[in-house]
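Please keep the sequence and the three-dimensional view at hand while reading.

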Amino acid sequence: EPLPVYLVGGAVRDALLGRVSHDLDFVVSRDAVRLTFRVADALKEPAYVLDGERDTGRVVLAEQGTMLDFARFRGPDLEADLRARDFTINALAIPATDQSFTAIIDPTGGLLDLEQQQIRLTHEGAIDDDPVRSLRAVRLAAVLGFKITEDTMSAVQTAVPALVDVSAERIRDELLKIL
């Protein structure tokens with residue numbers, strides 16, 4: 001039986017907003033690196049292991065400027081994976097084989113937040129899990145023209161001191177995207 005593959009995160013959000021995404025993230029229950037190399041072979045494109053321990057790989061479509069990332073679920077299943085993500089508008093998934101948006105999986109209310117044009121954390125500790133998410137909230141608000149909810153803004157401001165423990169490269173990458 002084929003392994004269900006889901007397109008998740010910003011690519012789903014961008015598609016719903018009519019925006020083109022060049023970073024496509026896929027999740028599977030197991031064997032993500034193996035799937036990465038199978039896709040790369042089929043497309044005759046290079047593939048890389050990003051994190052063997054976390055079972056994460058990447059296919060690079062250089063001509064299109066697109067990256068296809070494949071990862072094992074963060075948690076026991078798709079819903080746990082989505083709930084562990086940063087913002088509700090990035091916690092959306094769709095089966096990779098679907099041709100329409102009728103099968104969107106949305107355990108955190110991201111579709112409503114998209115409609116209301118707001119950025120909201122998936123859970124209270126989402127920024128504590130990764131302080132760079134505070135910069136990502138600001139970037140998403142700037143790029144999409146969305147407002148950051150009050151609770152999320154409070155968490156963003158509280159997380160600023162924790163950014164000193166984050167690698168300079170990750171902070172630089174977010175700041176460059178904001179600019």
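This is a predicted model: local features need pLDDT of at least 70, side-chain atom pairs count only at pLDDT 80 or more; totals for chains, interfaces and linings use all residues.

The side chain of glutamate 79 meets that of arginine 83 in a salt bridge, with 2.9 Å from N to O. Arginine 83 is likewise classed as partly exposed, because its relative accessibility is 40%.

Both glutamate 79 and arginine 83 belong to helix 3, which covers residues 78-83. Four residues separate the two, and this is about one turn of the helix.

Are the two partners buried or exposed, or something in between? Aspartate 130 is buried, because its relative accessible area is 16%. Arginine 170 is partly exposed, with a value of 35%.

Salt bridges can also share partners: Asp86, Arg136, Arg139 and Glu174 are joined in this way into one network. How many salt bridges does the count give? The count comes to 15 salt bridges. One of them links arginine 30 and aspartate 31, with the closest N and O atoms 2.9 Å apart. Arginine 30 is partly exposed at a relative accessible area of 44%, and aspartate 31 is partly exposed at 29%.

## Helix 6 and its cover

Helix 6 consists of 13 residues, numbered 132-144.

How many of the 13 residues of helix 6 are buried? Ten of them are, and helix 6 is thus described as mostly covered. The buried residues include Val132, Leu135, Ala137, Leu140, Ala141 and Leu144. Charged residues are also found among the buried ones, including Arg133, Arg136 and Arg139. Arg136 and Arg139 also take part in the salt-bridge network with Asp86 and Glu174.

## A patch of negative charge

Which residues gather in a patch of negative charge on the surface? They are Glu124, Asp128, Asp129, Glu150 and Asp151. Helix 5 (126-129) and helix 7 (150-159) are the elements that give two or more residues to this negative patch.

Two members illustrate the position of the patch on the surface. Aspartate 129 lies in helix 5 and counts as exposed because its relative accessibility is 55%, over the limit of 50%. Glutamate 150 lies in helix 7 and is exposed too, with a relative accessibility of 72%. The C-alpha atom of aspartate 129 is separated by 21 Å from that of lysine 177, which is 48 residues away along the chain.

## Loop residues with positive phi

The backbone angle phi deserves attention at two positions in loops. Lysine 44 has a positive phi of about 55°, although this residue is not a glycine. Lysine 44 is placed in the loop between helix 2 (32-43) and strand 3 (47-51), and it is exposed, with a relative accessibility of 72%.

Glutamine 117 also has a positive phi, near 50°, and is a residue other than glycine. The loop that holds glutamine 117 runs between helix 4 (110-115) and strand 7 (118-119). Glutamine 117 is partly exposed, with a relative accessible area of 44%.

## A buried loop residue

Is phenylalanine 87 buried or exposed? With a relative accessibility of 0%, phenylalanine 87 counts as buried, because the limit for that class is under 20%. Phenylalanine 87 is found in the loop between helix 3 and strand 6 (93-95). Between phenylalanine 87 and aspartate 41 there are 33 Å in space, C-alpha to C-alpha, and the two are 46 residues apart in sequence.

Methods
Residues are numbered from 1 along each chain as its sequence is written. Side-chain values use heavy atoms; hydrogens and water are left out. Patches are made of residues with over 30% relative accessible area and no salt bridge: like charges are joined within 9 Å, nonpolar side chains (Val, Leu, Ile, Met, Phe, Trp, Tyr) within 5 Å. Accessible areas come from the Shrake-Rupley method with a 1.4 Å probe; for residues, only the protein chains shown count as cover. A salt bridge is a side-chain nitrogen of Lys or Arg within 4 Å of a carboxyl oxygen of Asp or Glu. The place of a charge is taken as NZ of Lys, CZ of Arg, CG of Asp or CD of Glu. Buried means under 20% relative accessible area, exposed over 50%, partly exposed in between (1.4 Å probe, protein chains only). The expected span of a helix is 1.5 Å times one less than its number of residues.
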